[in-house]
Each structure stands twice: as C-alpha cells, then as structure tokens.
Amino acid sequence: RERSDFYRLISSDGRNAERQTDADTLAWWDKQPWEARAALSVGPRFQIGTALSEFAAWAVGDLSPDEARARLFAWGYGDEFDLALLQDAAEMESRAEENPDAPGFGLAMPWNFRRQGNLRTLAQCFPHVERPASAGIKHNALHDARHEAAYLQALLTERAVWLDVAV
C-alpha cells in the first residue's frame, strides 16, 4: 500500500539523554557534508518514546495489532543497525518495569521479529540489479529511507521475475 513519509528528529534531552552517545559516531558526523549535518538542526524535536509510538501507529495504519504482526514486514540495510536500534529503544520500557530507575519507553515494534529482512543480503542475491540513483541529501534519514525503498522495490521486482521464470 502507498504510504506517506514518516520523519522525526529525536531530542537529546530528557530520557533520551540516558542513551549512550558514541564518540566515533560523533566524529563520523563531523566529517559528513554540511547539508547532512544541517538537516539535523532544523525542525521540531521529539522524545524518542513519542516518536516510536507515532512511528508504530504510522506503520500499522488501519490494521489491527494482530493483522499488523502477521502482515507487516520490516526491512533494514543490515541486521545490526536500523531495526536493532529501533527494537532496543522500544524494549527499554520492559526493562524499566523490572527496575523502575531504568530508562524506558514501553513499546514494541508492530511487526513480528520473524518478519524482518536484510536489504544488504537481498542485494547480494541479485548483484546484477543496479542501485537507483540517490536523490536528496546523503545520510539524511528520510532521503536514505526513500533511496533504500526504491532499491528494495527493484530487488523484489527482480526476485518476482526470477521466481516466475524458475517455476
């Protein structure tokens, strides 16, 4: 189904301040183009719990929670970054219930953990599929997500053609 974009800048204060800031990550950002860094300073900021709740509601749309867990499929560019960070942030609340002094947000991602895909692995299966040209600012989360979605569509289209020929 066609979806509008979802984009939120996360505040670095409040409970978000309890998350770790990695010095290597900050150094990496310092080396990125001005446009990418500037995009991080424009627009309203959201507490991570609010942003995750809004993201889950956006992802689910008009599906029931059971339908969402059965039908949604989340993709990330690698196993250990995007989806893992989302899941870790969402799981903080369950840890907080066991320890009231721990930070937490009380959320679960709306998809089943078995319904997560790795775009990098899919791309390795179809190396002849060219990456679409990138549009927008490199390392802007929204622009990168649009680019990865276009690449995913190209790869899944190739997979469908390949399966059609193979059957």
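1. Which residues make a nonpolar surface patch of about 250 Å²? The patch is made by Phe73, Trp75 and Leu156, where patches are built from residues with over 30% relative accessible area and no salt bridge, like charges being joined within 9 Å and nonpolar side chains (Val, Leu, Ile, Met, Phe, Trp, Tyr) within 5 Å. Leu156 lies in helix α7 (residues 141-166) and counts as partly exposed at 34% relative accessibility (buried is under 20%, exposed over 50%, partly exposed in between, with a 1.4 Å probe and protein chains only).

2. This is a predicted model, in which local features need pLDDT of at least 70 and side-chain atom pairs count only at pLDDT 80 or more, while totals for chains, interfaces and linings use all residues. Residues are numbered from 1 along each chain as its sequence is written, and side-chain values use heavy atoms, with hydrogens and water left out.

3. The mean pLDDT (the predictor's confidence in each residue, from 0 to 100) of the protein chain is 84, and 84% of its residues reach 70 or more.

4. The whole structure holds 2 salt bridges (a side-chain nitrogen of Lys or Arg within 4 Å of a carboxyl oxygen of Asp or Glu). In one, Arg146 pairs with Asp5, with the closest N and O atoms 2.3 Å apart; this pair links distant parts of the chain, helix α7 and the segment before β1 (9-10), 141 residues apart.

5. Glu54 and Arg8 also meet in a salt bridge, at 2.6 Å from N to O, and this pair joins helix α3 to the segment before β1 across 46 residues. Helix α3 (residues 48-60) also holds Leu52, which is buried, with a relative accessible area of 5%.

Note on methods:
Areas by Shrake-Rupley, 256 points an atom, 1.4 Å probe, with all protein chains shown as cover. Helix = DSSP H or I, 4+ residues; strand = E, 2+ residues; numbered from the N terminus.
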